[in-house]
Amino acid sequence: MADHNYKFDITMTCGGCSGAVERVLKKLDGVKSYDVSLDTQSANIVAAETLDYATVLEKIKKTGKKVNKGEADGVVMAV
């Protein structure tokens, strides 16, 4: 089983914004690791094969942050 690599371009204006994204990723089953960067306005996630892109996208959007762009395993996806 191969892991998924998801990348998101997220509008985050402060440490609270990036912290909110980190909190939802920490609680999400199937997330193996993540890197949320306020400087680059991005989140890179390594997820188990069972965790799909749409689920991760939905959780990030629930924080109220605007997702500008997303990739799943190198393929640009709809947001």
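This section describes the overall fold, the annotated domain, the salt bridges and the cysteines of a predicted model.

The chain contains two helices and five strands, which follow one another along the sequence in the pattern β-α-β-β-α-β-β. The C-alpha trace extends over about 35 × 25 × 20 Å along its principal axes. Among contacts in the chain with a separation of 6 or more, 60% are made by residues 24 or more positions apart.

According to UniProt, in an unreviewed entry, the feature "domain: HMA" is placed at residues 3-68. This span is 33% helix and 36% strand, and its end C-alpha atoms lie 23 Å apart.

A search of the whole structure identified two salt bridges. In one of them, D3 pairs with K32, with a distance of 2.8 Å between the closest N and O atoms. This pair links distant parts of the chain: D3 belongs to the segment before β1 (4-11), K32 belongs to strand β2 (residues 31-37), and the two are 29 residues apart. D3 counts as partly exposed, because its relative accessibility is 35%. K32, at 53% relative accessibility, counts as exposed. The other salt bridge joins E58 and K62, whose closest N and O atoms are 3.7 Å apart; this distance falls within the 4 Å cut-off for a salt bridge. E58 has a relative accessibility of 43% and is therefore classed as partly exposed, whereas K62 reaches 61% and is classed as exposed.

A disulfide is a covalent bond between the sulfur atoms of two cysteines. Zero disulfides were found in the whole structure. For C14, the closest cysteine sulfur is that of C17, and the separation of 3.6 Å is too far for a bond, since a disulfide requires sulfur atoms within 2.5 Å. C17 is likewise in no disulfide, the nearest cysteine sulfur being that of C14. C14 counts as partly exposed, with a relative accessibility of 36%. C17 has a relative accessible area of 9% and is therefore buried, as this value is under the 20% limit.

Terms used. Residues numbered from 1 in each chain as written. Predicted model: local features only at pLDDT ≥ 70, side-chain atom pairs only at ≥ 80, totals over all residues. Heavy atoms only, no water. Salt bridge = Lys/Arg side-chain N within 4 Å of Asp/Glu carboxyl O. Helix = DSSP H or I, 4+ residues; strand = E, 2+ residues; numbered from the N terminus. Buried < 20%, exposed > 50% of the residue type's maximum accessible area, 1.4 Å probe, protein only. UniProt positions renumbered as here; feature names shortened; annotations may be inferred. Contact = heavy atoms within 4.5 Å.
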